[in-house]
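Please look over the model below alongside this note. The points are numbered so that each can be checked on its own.

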Amino acid sequence: MAILGIDIGGSGVKGAPVDPVRGELLDERYRVPTPQPSDVSAVVEAVAEVASRFPGYDRVGLTFPGVVVDGVIRSAANVDRSWLDADAAALFAQRLGRPVAVLNDADAAGVAEVAFGAGREQAGLTVMLTFGTGIGSALFLDGVLMPNTEFGHLELEGVDAEVRASDRARESEDLGWERWAQRVQQYLRHLEMLLSPRLFIIGGGVSKKADRYFPLIDIRTAMVPAALLNNAGIIGAAVTAAQTAGRTGPMTVDAAHAAAYGS
């Protein structure tokens, strides 16, 4: 089964065909800028432009930067508010002429990391965090996704945690690595207190510089950088689309394998 994965971000829409069992891109990614304003019709057309570069796919998996419940968008912090309550799955399916699965972007990245990357075969509670414009989160119990967590909006010192500890905060406030790491440590310790996870997976663009700040963070929980980097959302979206081919259930790599290959 050919699966197309497309990752809708604040600055770009990128996609590629994916082998959902091996977690590998089957072609070079194609990217277009995210339209500004990022209203419904403009983003649907941007996705269609990306999809048009890859003929022969049967299903599509899409990430979205917001809460997604049954294919419907329930939050739109970083995109145009016309997306609120939009049935994204139906809109994209109608435009692309293919079955479409839509999920939160951080959840998609987590699905990929748990299936093929830094969280593979990890038992217990795993927390994936993406540090970028905000802080995205994905929560897994024994490899099963608990969708639509919003841990970037936990309150720390009177504001959302992402206001203080995101990569955007590091850049906009011109924080050195040590000072920023102190904020990240405070945030991670708060999550430890709430969840007692076994593993933190740290993603987002800043994960490529883990050597600069990981040694500065002192927490009890094991912490590792994400392995799949910018391809994680595309891969996780495709895995989810493969899983929904004729079945429902928790998002695990075994379910995706069965859906894609009929085994």
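1. Asp-167 and Arg-170 sit three residues apart in helix H5 (residues 167–172), which means that about one helical turn separates them. Helices here are DSSP runs of H or I with at least four residues, strands are runs of E with at least two, and both are numbered from the N terminus. An α-helix has 3.6 residues a turn, so residues three or four places apart point the same way. The side chains of Asp-167 and Arg-170 form a salt bridge at 2.7 Å, N to O; the term requires a side-chain nitrogen of Lys or Arg within 4 Å of a carboxyl oxygen of Asp or Glu. Buried means under 20% relative accessible area, exposed over 50%, and partly exposed in between (1.4 Å probe, protein chains only).

2. On the basis of the values: this is a predicted model, in which local features need pLDDT of at least 70 and side-chain atom pairs count only at pLDDT 80 or more, while totals for chains, interfaces and linings use all residues. Residues are numbered from 1 along each chain as its sequence is written, and side-chain values use heavy atoms, with hydrogens and water left out.

3. The structure holds nine salt bridges. One of them joins Arg-74 and Asp-85 at 2.8 Å, N to O. Both residues lie in the loop between strand S7 (72–73) and H2, 11 residues apart. Arg-74 counts as partly exposed because its relative accessibility is 44%, whereas Asp-85, at 54%, counts as exposed.

4. Arg-164 forms a salt bridge with Glu-157, the closest N and O atoms being 3.6 Å apart. Arg-164 has a relative accessible area of 19% and is therefore buried. Glu-157 is at 59% relative accessibility, so this residue counts as exposed.

5. Arg-59 lies in strand S5. Its side chain reaches the backbone oxygen of Ala-241 at 3.2 Å and the backbone oxygen of Thr-244 at 3.5 Å.

6. Ala-241 belongs to the buried residues of H8. Helix H8 (residues 232–243) is mostly covered, with 12 of its 12 residues buried. From first C-alpha to last, H8 reaches 16 Å, close to the 16 Å expected at 1.5 Å a residue; the expected span is 1.5 Å times one less than the number of residues.

7. Helix H6 (residues 177–195) has 19 residues and should span 27 Å; its end C-alpha atoms are 26 Å apart, which agrees. Its buried residues include Trp-177, Trp-180, Arg-183 and Glu-192. Ser-196 follows H6 and has a positive phi, near 50 degrees.

8. The largest nonpolar core has 31 residues. Such a core is a set of buried Ala, Val, Leu, Ile, Met, Phe, Trp, Tyr and Cys residues joined through side-chain atoms within 4.5 Å. Among the elements that each supply at least two of its residues are strand S1 (3–8), helix H1 (40–51) and helix H2 (88–96). H1 gives the largest share, eight residues. Val-47 is among the residues with the most contacts inside the core. Leaving aside neighbours within four places in sequence, Val-47 is in contact (heavy atoms within 4.5 Å) with Ile-6, Ile-8, Val-13, Leu-62, Phe-92 and Leu-96.

Technical notes. A polar contact is a pair of N or O atoms within 3.5 Å; within protein, one must be able to donate a hydrogen and the other to accept it, and residues adjacent in sequence count only if both atoms are side-chain atoms.
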